[in-house]
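Dear colleague,

Please find below the structure I am handing over to you. My notes on its sheet and its pockets follow.

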Amino acid sequence: MTLLAHDRYCDEIAHQVEQLRAVVTSGADLSATVPTCPDWSLEDLVRHMGGALRWVDTLVRTRAQENVPPERVPLAKGPEKRGDAAALDEWLAQTGELVVGALREAGPDAEVWAFAGVPNAGFWARRMTHEITVHRADATLAAGLPYEVAPDIAADAVDEWLQIVQWAQRNMPKDPKRDLRRPGDSIHLHATDTEPALDAEWLIDLDGEVIDWRRGHEKATVALRGPLSSLLLAFYGRLPLDAPGLEILGERELLEFWQQRATFG
């Protein structure tokens with residue numbers, strides 16, 4: 001597995017911020033419930049995402065060597081007034097400029113506190129790329145707007161989440177991801193609309209205490225096939241398994257088992 005270039009992640013964060021701003025200024029109801037995060041309104045989701053970016057900006061800009069509490073992050077909660085799309089858009093634009101600037105200035109190897117055993121700015125560039133990629137999907141679903149994502153980003157998002165699942169299984173004893181063991185079972189993900197060079201297929205082996213995974217085409221207990229963007233969102237629990245374009249071959253229950261325990265919060 002090869003990571004994307006640091007600048008590619010920075011470029012994508014900037015792009016995703018622009019796309020999320022477009023949702024905010026689309027006329028969508030900011031008080032609408034987010035179907036995939038039902039405890040949040042659309043505005044709550046945008047403030048959460050912007051707050052996460054502000055937090056990472058603080059971590060990277062200060063080269064923090066330990067976690068920074070949210071209350072120490074300037075303007076992390078967003079504009080004082082709720083329901084103001086213009087103010088929310090302006091805050092989000094400034095947030096994107098700050099975090100992308102901090103990540104570019106730091107470079108991937110700058111030492112910064114992080115979880116998952118990768119304490120550098122490169123970890124945060126990749127993590128925030130996929131955090132906002134998935135949360136923008138949440139926002140578009142709430143607003144009834146179309147969604148698409150670049151193939152290289154979508155494929156790397158699957159890789160990164162599988163790595164985080166492995167880390168959680170090893171280091172977080174109370175995390176539901178610890179309960180993913182299914183001796184003899186495996187999941188195959190197969191994107192049907194990508195160039196062969198992308199190798200957008202995965203085999204996830206649930207046999208051990210920690211999942212094993214690799215890219216490639218292999219037989220499994222169950223296969224989920226479909227366009228890469230839909231595959232990504234189903235894998236992250238953002239689309240139902242019977243969404244248009246998706247096809248299940250084998251034991252559907254195993255995919256439901258995965259979605260219940262290993263999806264992105």
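An open sheet of 5 strands, in the order 5-4-3-6-7, has mixed pairing; strands are DSSP runs of E of at least two residues, and helices are runs of H or I of at least four, both numbered from the N terminus. Two strands count as paired if DSSP finds at least two bridges between them. Strand 5 (212–215) and strand 7 (247–250) each have a single partner strand and stand at the edges, so one side of each lacks a neighbour in the sheet. Strand 3 (residues 186–191) and strand 6 (residues 222–226) run parallel and are joined by 5 bridges. Within this pairing, I187 stands opposite V222 of strand 6.

This is a predicted model: local features need pLDDT of at least 70 and side-chain atom pairs pLDDT 80 or more, while totals for chains, interfaces and linings use all residues. Residues are numbered from 1 along each chain as its sequence is written, and side-chain values use heavy atoms, without hydrogens and water.

The largest pocket holds about 520 Å³ of space, a volume being the space filled by probe spheres set on grid points joined across faces, edges and corners. A pocket is an open set of points on a 1 Å grid over the protein atoms alone, where a 1.4 Å probe fits, with protein on both sides within 12 Å along at least five of seven lines; lining residues have an atom within 4 Å of a point. Among the 25 residues lining the largest pocket, H48, A52, W55, M128 and E131 are the closest to its centre. Helix 2 (42–61) gives the largest share of this lining, 5 residues.

Yours sincerely
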